[in-house]
Amino acid sequence: MILSRLKLENFKKYSSYEIEFGEGLIGIIGKNGSGKSTIFEAIFFALYGELKGKGYKEIVKNSNAADKDAVVVELEFEFDSILYRIVREFRGKALNANAKLYKNGSLITSGAKEVTASIISLTKMSKDAFIHTLFASQKELSSLSALKNEDRKKMIRKLLGLEKIDFIENSLVEKSRELKRQITAFAELLLGEAEIAQKKEHVTNSQETKKTLQNDEQSKTKELETIKAKELYIKKESEVFAKTKEQKQKLYSELELAKNSKNSEIMNQVKLIAELHELEDKQQKLEALKSAKAEYEALLEQLKTQEKLKEYYLKKEGLQKEQIQLREQYVKSKSDIHTLESECAKYDELILNAKNLEISIAVLQDTISSKHTIENELRAEIAAEQKQIDVTNAKIAKLQELGSEGACPTCTRPLIEEYDNVINSLLATVNETHQNKIEEHKKQLQNVLLQKSAFEAEKKAKEKEFSELINGIKIIESKLQDLNKAREYFLHVEKKGLKNQEELKVLEAHNYDEKEHEKIRNSLALLEPKYKLFLTLETELKRFSIVKSDLLLVNKKIDELTITCKNKEDAFNLVVYDEEKHKGKLIEHDEVLKEIDSKTMLLNNIKVQIAKIEGEIKTLQGALQNNELQLKKLGSKKDDLIDYEKIKTSLSEFKTRLNAKVAPRISAIASEMYARITKGKYQHIEVSNDFDFFIYDEGKKYPIERFSGGEVDLANLVLRIAISKTLTELSGASSIGFLAFDEVFGSQDESRRVEILEAFHTIKEQYRQIFLISHEMEIKEMFERVVEL
């Protein structure tokens with residue numbers, strides 16, 4: 001396999017990147033974090049659809065890519081002179097995986113899992129074998145000699161894939177131990193020969209006892225059936241007696257019921273006749289009270305009229321009293337309105353004065369503001385002049401400090417005889433010009449402050465006057481509200497008085513006589529008992545027709561019940577029943593039932609004994625059958641144990657043969673390369689079956705730790721390459737034509753780096769491509785081809 005081209009889109013740190021590899025010794029050079037190792041992660045991802053670390057979907061997509069952007073890795077490689085191309089993609093938010101494999105430009109496989117399976121089939125290498133065979137890091141190289149014996153053995157066995165055989169061997173040992181424990185447990189549960197014979201004899205004896213009991217059961221069953229037939233015959237005779245008795249009792253009950261019904265109807269007949277006579281007497285009384293009823297109803301109508309007149313009378317009195325109150329309220333309300341109107345007369349004048357004052361205050365405020373502005377300007381002018389005076393005084397002080405020999409601060413020439421003139425000129429400038437201006441500005445400032453103070457005092461006085469005026473306006477506004485309410489109330493009183501006058505005119509037409517009213521009430525009280533008696537009698541007499549009808553029906557029922565009693569009595573006398581014979585049959589039936597119970601109990605005891613014996617037989621037979629089943633299982637587990645032991649022996653022999661083949665092969669490859677790299681100084685590197693390393697120096701064997709750092713580094717390099725070649729041969733993947741090493745230089749000095757690169761140059765004819773990943777920028781000139789990141 002030769003790598004041709006790699007194209008990346010949105011893969012990890014690469015937004016878009018394409019590289020063609022070429023052949024020979026290729027350097028992948030770049031600073032830490034530039035994405036060197038990512039190139040080979042992408043190659044591994046393209047071939048097997050996974051990253052070297054755990055997981056991949058969460059970290060594979062470029063952080064700057066949008067959700068809709070796809071992750072694409074495209075790898076071209078040559079295998080057995082045929083050009084292959086793999087395209088793997090992740091699309092969408094969920095990063096759904098897809099892959100395609102092309103052979104000489106034609107699509108041969110699609111689907112993520114299907115493409116991975118095709119690559120494994122083509123290269124004859126799993127993902128782990130691919131990593132261990134073709135990729136090596138600086139950590140792996142240094143670990144070959146630096147690790148302790150046990151850790152180094154674990155590392156090499158992992159690289160060679162032997163740890164899987166160790167895992168299988170350990171699993172077989174655990175399973176063998178478990179089978180031995182199970183065989184021991186099964187043996188403890190099995191029955192002995194004597195116990196088996198005893199159980200079989202017990203089964204035979206129990207079966208004979210069961211047969212004897214079954215014969216006895218059949219005999220007892222026949223006896224029980226004979227007694228049950230006798231009981232059934234006696235029971236039928238008893239049932240005939242019982243039915244006859246029941247029929248006679250029923251006829252007697254019906255006869256008694258008919259007699260009782262007849263007596264009840266006769267008593268009802270007597271009550272109805274008495275009630276009918278009583279109602280006839282009440283009918284006569286009712287006729288006598290009809291005139292009293294008519295008189296009472298006439299007086300009642302008169303009373304209603306008087307009650308209505310009294311109501312009108314009371315209402316008129318109330319309205320008259322209300323009118324008196326309304327007149328008083330009318331006068332008071334009119335007076336209140338007049339007072340409030342006089343108090344609110346100056347409202348408009350006050351409003352106008354308030355507006356004028358408000359305008360005056362605003363004008364004064366503007367004047368004060370303008371004076372304040374002038375004040376600030378004058379103060380600024382005074383400050384500016386004072387600053388000029390300070391600057392000039394500073395110049396005078398400097399000149400005085402320099403003396404007459406000093407340079408002019410303006411033209412830099414020596415002052416000499418001009419010294420006094422310059423000093424006097426500067427003093428004149430201060431006193432005559434700037435100081436005069438300051439005095440003038442101060443006078444103007446004093447005038448402005450006096451004017452400002454006068455305006456502020458005037459404004460304060462007007463504001464006080466305005467405040468008092470506003471308070472007066474608020475008081476009048478409150479009284480205006482009271483005036484409106486007083487006017488509304490005055491109208492209400494006036495309207496109510498007019499309405500009451502109208503009602504009084506209507507009520508004057510009605511006259512009420514209290515004595516007449518009392519006379520009518522007394523007359524009604526005298527007639528009321530007779531009127532109530534009349535109503536009571538009238539209600540009771542409504543039953544007169546009902547009682548007559550009920551009496552006719554009762555007479556008819558009495559005649560019918562007389563006939564029914566005669567018929568029931570005749571039927572009762574015709575039924576013949578012998579109670580003594582009935583009692584004798586019942587006693588005989590009870591004795592037969594007791595005998596049946598006794599026989600049934602005896603038969604049930606026999607059945608229980610049979611069932612108990614059958615249970616014992618079943619338990620014994622179950623124990624014997626279970627013993628047979630356990631014997632079969634024990635035999636099966638013994639067979640399994642033999643098979644496991646055979647597999648363990650075969651696997652141990654395979655490991656021995658494999659170690660005997662792998663270690664010498666690694667030694668041969670490493671020795672040939674090491675001798676060539678060291679130019680014959682060291683002819684042989686030995687790798688023991690326990691994967692300890694030795695170097696031969698002048699025919700003597702020494703541990704690898706004896707030698708210098710540079711020699712050890714080269715030895716580690718050729719050993720790692722030898723392990724890769726051995727893995728390639730073991731997997732049958734003879735067409736793999738490249739190796740890759742990540743940061744193999746580590747912290748080596750210049751001479752060591754040169755030695756390592758020379759070593760790679762000596763073996764490059766065995767591989768069409770050797771990739772070296774490094775962050776050392778200064779070694780890039782030593783490669784046939786450089787990919788700089």
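Biologist: At what angle do helix 8 and helix 14 pack?

Modeller: Bear in mind that this is a predicted model, where local features need pLDDT of at least 70, side-chain atom pairs count only at pLDDT 80 or more, and totals for chains, interfaces and linings use all residues. Residues are numbered from 1 along each chain as its sequence is written, and side-chain values use heavy atoms, leaving out hydrogens and water. Helices here are DSSP runs of H or I, at least four residues, numbered from the N terminus, and axes are lines fitted to C-alpha atoms over the stretch in contact, with angles from 0 to 180 degrees between N-to-C directions. Helix 8 (residues 193-288) and helix 14 (residues 579-677) have axes 7 Å apart, and their packing angle is about 160 degrees.

Biologist: Is helix 8 roughly parallel or antiparallel to helix 14?

Modeller: Angles under 35 degrees count as roughly parallel, over 145 as roughly antiparallel, 65 to 115 as roughly perpendicular and the rest as oblique. The angle is about 160 degrees, so helix 8 is roughly antiparallel to helix 14.

Biologist: Which residue forms a salt bridge with E463?

Modeller: A salt bridge needs a side-chain nitrogen of Lys or Arg within 4 Å of a carboxyl oxygen of Asp or Glu. In this one, the closest N and O atoms are 3.6 Å apart. E463's partner is K459.

Biologist: Is K459 buried or exposed?

Modeller: Buried means under 20% relative accessible area, exposed over 50%, partly exposed in between (1.4 Å probe, protein chains only). E463 is partly exposed at 34%. K459 has 17% relative accessibility, so K459 counts as buried.

Definitions and conventions. Helices (H or I, at least four residues) and strands (E, at least two) are DSSP runs, numbered from the N terminus.
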